[in-house]
Amino acid sequence: MLSRRRFTLSATALGVTMLGVAGCSRPSERTTDDLSSEVGLTDSGLPIVTEELTLTFGGAKSPLAPDYESMELVQTWSADSGIEIAWNNEPDEVWGEKKNLLLASGELPDALFNTGLSDAEVAKYGANGTLIALEDMIEEHAPTLAGILAERPDIKAAITASDGHIYTLPSVEEMGLVEFPSMLFINTDWLAEHDLEMPTTVEEYHQALLTFKENGPSGVLPLSFLDVGGIADLIAAIGGQADNPDHRIVQDGKVLFTANTDGFRDAIAELHTWYGEGLIDQEAFSQDYVKFVAKGKAEPQSLGSFYFWEVPEVVGPERAGNYAIVPIFPGPDGVQRACVANNQEINRGAFAITRTNQYAAATLRWADMLFDPVMSAQANWGPIGVSQQINEDGLLEQIPVGEGETEQERRVKVAPGGPKIITAQDFETVVLAEPRAAERQAQIAEFYEPHRANEKYPPVMLSVDELNRISTIETDISTLVTEKIATWIVRGGIEEEWDAYVNQLETIGLPEVIEVYQAAYDRFTANS
């Protein structure tokens, strides 16, 4: 098979190395015959079939993406593989409403591409046979993916359900970005105007916000954010403990809940004081993305500081130079804590084959074509010659976007996504990060990575039983915590209500949730 350490950009053929085939049966094993041989399934390489074959795919796509049939890369896939795809991919919101009805019916597409399936749906539809188990077929018909999984047991563990089966194929992009999704940016023009240095402590930041409030334009917003999950680093600095949007972290192999500790209580109480001083955007707990970014572009300039993924998206490119990253503040104990979110770089659910597919082997071979590292890069960012080019070092790099278009806008128009794996190693030997991603990598390396405060919860797939045990409890806990945080920051009262709140969490079932997550974590680490 094609080595992921030694490849050429001109290589298009799939490899021929195969692993042994396991012979065990399983509850979801297909009972219908596979007809791939009848359409000339080849032993290896491209094309995949020599006779005419059309498959139907369904799934999600960006609302800005064109019909997949019109994409240059999709047309290349058809020409290379010999397989035509009838695409029925819908915009994300439409597919979200449609998929359950589709899966519950007998009129299934042959495969799901960008499936949009939750873990609960994968467990449900895998267990009842709607999605076929793929682990044995991967060893026989997906040599590129099989080789990767042999080298990366963590990826294999992430896509393996608790019953031991693999029902979906992954999408992996290891850039080290999603663990720190929200950074604090401050208006450096305003700092300079008031002879203030970049704040390095919570106290200095608080003073800067007070100065912005007292001396800023009408309608000034010293601090704004989209939701309270985005200010985990600030809560950590005030309270002296790690946190993240899920309020679920891992430290020293133990799964911990963060929103019932004294440090968390103290942080929320302090933020109530800030709110009373007019330093926190009154709409921060209810505004949507559109309203949030509109504030960044408003006239006159009104944002003193904000938490978000990046600057230009909020304030526009013309104002981006007015803002800079604020370093992580030390906590009361002097420790700087950059909180790690549970966002995953190994995402399952990129591709699945349904029970009605009569050509499952050929379909899996088609998907395996996309796990070649060069093809994965094109699926993720677009084809060579359109959005990427080969540089003098033989690496793929982004072609600069045209005037009036962003990298993200172009990406959704030319890159279909789907199953792919781009490892950290691939970013050294195959493809360079796009400019905005490279900039963020540098920011994380400088400001966040040295102060990593916790482990993130890994990409564990819970079992049907585990999901049944905690789904309702977890929803109730999330609702309670979110409502209480907003209420306490806006109205106060946390000191008087704290003990009752902690007891309520226990009564709802927090210990059972932690028990389930700990057991699943232990299972995952044992298998990865």
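This is a predicted model: local features need pLDDT of at least 70, side-chain atom pairs count only at pLDDT 80 or more; totals for chains, interfaces and linings use all residues.
Helices (H or I, at least four residues) and strands (E, at least two) are DSSP runs, numbered from the N terminus. Residues are numbered from 1 along each chain as its sequence is written. Local features need pLDDT of at least 70, side-chain atom pairs count only at pLDDT 80 or more, and totals for chains, interfaces and linings use all residues, while side-chain values use heavy atoms, with hydrogens and water left out.

On the α18 side, the residues that meet α20 are Glu-466, Arg-469, Ile-470, Ile-473, Glu-474 and Ile-477, and their counterparts in α20 are Leu-510, Glu-512, Val-513, Glu-515, Val-516, Tyr-517, Ala-520 and Arg-523, contact being defined as heavy atoms within 4.5 Å. By class, eight nonpolar, no polar and six charged residues make up the contact of α18 with α20, with Ala, Val, Leu, Ile, Met, Phe, Trp, Tyr, Cys and Pro counted as nonpolar, Asp, Glu, Lys and Arg as charged, and the others, Gly among them, as polar.

Turning to the strands, β4 (residues 169-173) is mostly covered, since four of its five residues are buried, that is, under 20% relative accessible area, with exposed meaning over 50% and partly exposed in between (1.4 Å probe, protein chains only). Strand β4 pairs in the antiparallel sense with β10 (residues 346-353) over three bridges, where pairing requires that DSSP finds at least two bridges between two strands, and Ser-171 has Asn-347 as its bridge partner in β10. Strand β4 also pairs in the parallel sense with β13 (residues 420-422), again over three bridges, and Glu-173 stands opposite Ile-422 in β13.

In the loop between α6 (153-159) and β4 lies Ile-166, which is buried with a relative accessible area of 1%. Leaving aside neighbours within four places in sequence, the contacts of Ile-166 include Ile-132, Leu-134, Ile-138 and Ile-159. Another loop residue, Asp-110, is found between α2 (92-104) and β3 (111-113) and is buried, with a relative accessible area of 13%.

Elsewhere, an open sheet of three strands has the order β8-β5-β9, with antiparallel pairing. Its edge strands are β8 (305-308) and β9 (323-325), each of which pairs on one side only. Three bridges join β5 (residues 183-187) to β9, and Asn-187 stands opposite Tyr-323 in β9. Helix α8 (residues 202-215) packs on this sheet, touching β5 and β8, and the direction of α8 makes about 45 degrees with that of β5.

Notes: Axes are lines fitted to C-alpha atoms, for helices over the stretch in contact, and angles run from 0 to 180 degrees between N-to-C directions.
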